[in-house]
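Visitor: I would like to go through the terms used for this model and see what stands behind them.
Guide: Here it is.

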Amino acid sequence: MVNTNLDTIDSLLHQNTYLDNGKLVNWDGKMDEVHSTISTSSEYKPTLLGTVPHMDEPTALGVLNSAVNAYDKGKGDWPTMRVKERIDCMKSFVKHMQTKRTEVVKLLMWEIGKTLPDSEKEFDRTVQYIYDTIDDYKQLDRDSAKFEKIDGINAHIRRGPLGVVLCLGPYNYPLNETFALLIPALMMGNTAVFKPAKHGVLLLSPLLEAFQKSFPAGVINVIYGRGREVAAPIMKTGKIDVLALIGNSTSAIALQDQHPYKNRLRLILGLEAKNPAIILPDADLDLAIEECINGSLSYNGQRCTALKIIYVHDKIKEEFNERFSKRVDELKFGQPWEEGVKLTPLPEPNKPAYIKELIDDAKEKGAKILNKKGGTVTDNYIYPAVLYPVNESMRVYQEEQFGPVVPIKSFNDTQELLDEMARSNYGQQVSLFGKNVDTLAPLIDVLVNLVCRVNLNSSCQRGPDVLPFTGRKDSAVGTLSVHDALRSFSIRTFLASKDNPHNNDIIRKLLESKTSNFVSTDYLL
Ligand code: G3H
C-alpha cells in the first residue's frame, strides 16, 4: 500500500493479481517492475514503485473468454439487464472509487509525473464523468420509453450493446481517458477486457476491488502486459467487437490488422494530433501568450490536445516570439507535488533524447532556440525549447512531439496557411487568436472543415466532457463526449409490430406484465 505522504514511497505496490471473471486471480508468473522517473536522492536514481504481471497469451485469451461468456453473444445477463440494475452497478463502482482518491492521485504523480492539481483534477473529472454518464443514460432511457407509429408500424426503439470491447488507454490520462471509454462501454451493456497503458498502471490497482465488487462476473476484466503479447492475440481470435483505443494510429492499425473479420469490428479511436495556434495581427497578445503557454506546455505538452505548432503573423512575430520565450523561461520545473510547479519529470525515460533529436534536426535545418533555458537536458527532463523559424522539412513540424518543445512558424497570407493545414495529416482542433470579424469569419468557415473544434482566443482542450471530442484524418475515429460515447458504444435496435388489434393486445400485455427488460415504457427520474 502506498502511504499518503506525497513525496515518499515507503512501501512497494506489488500488483500480483488480475481481474478475471469477477475474481482477483493470483499471478505467479513473470512480473515487470514499475519505475518512476522521479528521483528523490541527490544523485539521480529512478524510483521503484512496485511490480505488475507480465501476462502471457494463454492467460490473456482465458480472460477474453470471461468477457465473451459474460456477453454470451448478446444473451448474457449484463447485455439483457434492466437499465436500473446496470445503473446501480455503476453507482456502486463510483462510490467505491471516490474512497480511493488519495491513493490514485499520489500514484498519478509518481507514475506519470502529473502535477498535484492536475492529478486531482483528473480524478475528480473522471468521477464527474461517471455521474454525468449515468444521468445521460437515464435521459436516453427516458427518450426511448415510448412507441413510434410510422406507416402502420409501431416501433419501440432503444440502443443496444455491441459486444465485447477491448479497451486500451493512454499513459497521459491513464484514468480519465481510459474511463471515458470504459464507463460508457459498460453502461450500454457491453463487456470489456481492459489493459492499462505502459505508464500509469499501478494507479488502477486501488480500483480493481471496486470493479470486482460492483459488476457481475466477466463484465469487466483487467489484464497486464505488453500489447504485442496480449492485445494482438486477443484481436486475432476475432472475438472482439469494438476496439476502443486512445493512442496512435500505428498501434491502432496493427491491432485492426490482426482481426480476421474486419467488417464486424467497430473502432472508437482517439489518435495523434498536432493542433496549431494561429495568431492574427490584431490578437490580444497578453491573452494569446498565456493561452499558448498553457496550451503548449501544460503537462509538458503531453496532451493530445496540446498546441504543437504556433503560426504567428509576420506583423507581430518579433513581439510574440520575444515575450512568449520569456514566459517559457519563467516556468518552474520541479516535483509534481511542489507548489507552483508547471514542468515535471517526463515519464518516458527516452523522451528527453527524442525531443533533443527534434531540436537538433530543426537547428540543422535553420531554426534557432529562442529561449535561454531551451533544450537544457537533465536526467529526466529537457527544458522546453522555443524553435523559430520552423519549416515543413523539419521533424518537429512533421511529427507529433508529445513533449516539451514549441515550434513557431510565421505566416503572411491566411489562404496559404489554410492550404498548409489542409495538407496536414492531423485534424483535431485549432486555436484562433484575433478580433476582426471580417478576418475571422472566412477563417472559421474553413477551419471547421479542417478540424473538429475551433477555439476562439483560447487554447485547445477536450473539456468540458459534455462537448463532442473527435477529429478528422489521422486524429480520431468516432466521437466521444458524455452524450456521444453512449451512442458510439451502442447500436439502434427495436421491436416492430404492425398496428393491429392482435399485436397491440400483445404489446399492452408485455408492458403491463413488466416481464421484458427491453419492452418497457417505464423510466427513471
Ligand atoms: O490527451 C488528450 C486529452 O484528451 C486532452 O484532454 O484537453 O482536457 O487535457 P485535455
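Visitor: What makes the space of about 40 Å³ a cavity?
Guide: On a 1 Å grid over the protein atoms alone, a cavity is a set of points where a 1.4 Å probe fits but cannot get out, and lining residues have an atom within 4 Å of a point. The volume of about 40 Å³ belongs to the second largest cavity, a volume being the space filled by probe spheres set on points joined across faces, edges and corners. Its lining consists of R82, L511, K514, S516, V519, S520, T521 and D522. The model is predicted: local features need pLDDT of at least 70, side-chain atom pairs count only at pLDDT 80 or more, and totals for chains, interfaces and linings use all residues. Residues are numbered from 1 along each chain as its sequence is written, and side-chain values use heavy atoms, with hydrogens and water left out.

Visitor: How many residues of each class line the second largest cavity?
Guide: The lining has 2 nonpolar, 3 polar and 3 charged residues. Ala, Val, Leu, Ile, Met, Phe, Trp, Tyr, Cys and Pro count as nonpolar, Asp, Glu, Lys and Arg as charged, and the others, Gly among them, as polar.

Visitor: Which residues lie closest to the centre of the largest cavity?
Guide: L269, G270, L271, F469 and A476 do, out of 16 lining residues. The largest cavity has a volume of about 90 Å³, and its lining divides into 9 nonpolar, 6 polar and 1 charged. Strand β12 gives the largest share, 3 residues; strands (E, at least two residues) and helices (H or I, at least four) are DSSP runs, numbered from the N terminus.

Visitor: Why are β6 and β25 placed at the edges of their sheet?
Guide: Two strands pair if DSSP finds at least two bridges between them. The order is β6-β7-β25, with antiparallel pairing. Strands β6 (148-150) and β25 (490-498) each have a single partner strand, so one side of each is left without a neighbour in the sheet.

Visitor: How do you know that β7 and β25 pair?
Guide: They are joined by 9 bridges, and the rule asks for at least two, so they count as paired. A155 stands opposite A496 in β25.

Visitor: Which helix lies across β7 and β25?
Guide: Helix α17 (residues 501-513) does, at about 130 degrees to β25. Contact means heavy atoms within 4.5 Å; axes are lines fitted to C-alpha atoms, for helices over the stretch in contact, and angles run from 0 to 180 degrees between N-to-C directions.

Notes. On a 1 Å grid over the protein atoms alone, a cavity is a set of points where a 1.4 Å probe fits but cannot get out, and a pocket is an open set with protein on both sides within 12 Å along at least five of seven lines; lining residues have an atom within 4 Å of a point.
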